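Please examine the sequence and the three-dimensional model shown below. The paragraphs that follow lead through selected features of its aromatic contacts, strands, helices and backbone.

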Amino acid sequence: MKLDFLGTLERTHRCGDLRISDEGKTVTLMGWVNRRRDHGDLIFLDLRDRSGITQVVFDKGLDAESHAKAEAARPEYVVAVTGQVTPRGFDEKNPDMLTGDIEVVAGQTLLLNDAKTPPFSPAEDAIANEEVRLKYRYLDLRREQMQKNFAIRSRVAMAIRNYLVGEGFLEIETPFMTRSTPEGARDYLVPSRVHPGNFYALPQSPQIFKQILMVSGFDRYFQVARCFRDEDLRADRQPEFTQIDLEISFPQMKTVFATAEGFLHAAFSAAGIELPSEPFIQMTYDEAIAKYGIDKPDMRLPAMADLSEELTPELRTTLKIEQGLPVLGFVIPKVGELSGTERKKLLSEIRTIFGDCGLDVLDTARLRTNEAFVPLADACAAKISAALTAFNGATLSANDLAVVVTPKLDTPAMWNFDRQWIWKRVGALRLELAKKYADKHKLFEQTGTAKDFKFLWVTDFPMYEWNEESKTWDAAHHPFTAPHEEDIKSGALVNDKGSVRALAYDVVLNGTELGSGSIRIHRKDVQAEIFRSLGMSDEEAKSRFGFFLDALEYGTPPHGGIALGLDRIVMILAGANSLREVIAFPKTAKAIDLMVDAPSEATAIQLRDLHLKVNTRS
């Protein structure tokens, strides 16, 4: 088969543009063969580009040369066709295609390139083997859903940029090659050829640079920033990712909230979803743990209820529940009425999954597992029902699964040590059961409207977290986060680190953390005190952050900001279940790029120039 040159031919329309109003026009389309149907003297090619598909018909009686080229064409061949737009017959229309009312009768046809038989067809809706998809990513990206995902990503990123520029922000780029900073994950290091034995670090975030931009007087900065973290991967993690990064001088916390909510409204609008105008819900970290058992609550589920007060000492004795232990309940809506056998099976599954976490499941399914727990049902049902009513205005029904939980008798010591322990474990059970029933009972059914998206702000995170291995207090976020002023004045930084609250906040959507931020430390004396509280000597702090501490001495304004994951936002808007669906060239769970086969070994010359040797011993 002989391939053609394009010559001077130009495309007049994209493959998804033509409508019945274009009837009679002579057009030139260029794209890939999506499907081919051979009916002898008539051959139909579905011609595809990222805008859509147009059916092209090749009639041997009208143009034998074009028909011969269509006969030679196969899926994924690149073709140019000039022809006339013609209406399809009534019975031949395709209501599932935007171009389904018309077809193009081919005249001049060029075969611009051929294609090997692909390992999978881009015409398929889904490909089971993800490794094959990633190895042949250029084919995977031709699929309609992937093209839609990246169209959403482009619109969302542009909407965010436009919004922030309209709010007086300047887009400023910060370096990729910098020095290591404490961001909670391992750095990717880049060896320096001209400074043997020294290394740059790829940024985990632009944190210090954006704070220095506030020192520099750029009072409203943003960046669509590339960031790098050498950490274990999950569905919502990649070693390189993109975040919407911003910083504001002289803000109150509500200033940052209003800005982030504003660009999220713009982003969702760009994806066709108009969010309500009300500000996002806010709750403190302690409230989130007490009500949901997690610091990123999924607000599509009702909160947990503390049932401890409903159980009198007499009732606890009757039910053999130790007097000092808390009793919690929660509801998973829409599960459906369960039979006695199903309830017993569920209890067994719960105890299998959570048997080693110190929970005792007392009852399930409308609080009526068996007659022995009727007193428990009478005592608790009203409060659990009230929690459900507060959530969606509905009372407890036969379709809702209610669960009552208390710590096991052999774990009160843990409960006394950490009073959040029980909340977190019950919260984990709540989420596990929600996932179990989500698909079958359409618990999180998408309607394509703003009702699908439940946002909130979680505030007042702990400033420090205890590291049991090193027996030290570590920064719960990063060490540039400001503590509450009253916690500084009270001396808690020295005397009671576990009680110190940070001016830190997360924005959460449907149980996914979209981003984190904080009001920053703008005074050198406070920053130095925070470094010391983390066990860092003044000499070590100067060695690692001397340039930043110096900058704080030159009139640093109060400032704060936030960074939201663009990849996560687009993943949710696209209805995808992995970041790999919205990142053009992602890595596998083992941080490998299968398409280009990276990472790869360096040559001996490269290692020599970088003054490196590779130790192959494990």
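**Aromatic contacts, strands and backbone geometry**

One aromatic cluster is formed by F268, F280, F453 and F455; rings of Phe, Tyr and Trp (its six-membered ring) pair if their centres lie within 6.5 Å, and planes under 30 degrees apart count as stacked, over 60 as edge-to-face and the rest as tilted. The model is predicted, so local features need pLDDT of at least 70 and side-chain atom pairs count only at pLDDT 80 or more, while totals for chains, interfaces and linings use all residues. Residues are numbered from 1 along each chain as its sequence is written, and side-chain values use heavy atoms, with hydrogens and water left out.

Across the whole structure, a search finds 14 aromatic pairs. In one of them, the ring centres of F480 and F531 are 6.3 Å apart and the planes stand at 85°, so this pair is edge-to-face. F480 belongs to the loop between β18 (472–475) and α13 (485–489), whereas F531 is in helix α15 (residues 524–533), 51 residues apart; helices (H or I, at least four residues) and strands (E, at least two) are DSSP runs, numbered from the N terminus. F480 also pairs with F545: their centres are 5.7 Å apart with planes at 85°, so this pair too is edge-to-face. Because F545 lies in helix α16 (residues 538–551) and F480 in the loop between β18 and α13, the pair ties together parts that are 65 residues apart in sequence. F480 and F531 are both buried, as is F545; buried means under 20% relative accessible area, exposed over 50%, and partly exposed in between (1.4 Å probe, protein chains only).

F480 is also among the contacts of R520 beyond its neighbours within four places in sequence, a list including Q207, K210, E247, H478 and H559, where contact means heavy atoms within 4.5 Å. R520 lies in the loop between β20 (512–519) and α15 and counts as buried at 3% relative accessibility. The unreviewed UniProt entry places the feature "binding site" at E183, R229, H477 and R520; its positions are given in the numbering used here, feature names are shortened, and annotations may be inferred rather than shown by experiment.

A charge can also face a ring. R300 lies over the face of F444, at 3.9 Å from the ring centre; the criterion is NZ of Lys or CZ of Arg within 6 Å of the ring centre and within 35 degrees of the ring normal.

Turning to the strands, β1 (residues 26–39) and β2 run antiparallel and are joined by 7 bridges, pairing being assigned if DSSP finds at least two bridges between two strands. W32 stands opposite R48 in β2. The hairpin of β1 and β2 has 2 residues between the strands, and there G40 takes a positive phi near 80°. Strand β2 (residues 42–49) has 7 of its 8 residues buried, so it is largely enclosed by the rest of the structure.

Most residues other than glycine have a negative phi, and most peptide bonds are trans. The peptide bond from A598 to P599 is cis, with omega near 5°. N510, in the loop between β19 (504–509) and β20, has a positive phi near 50°.
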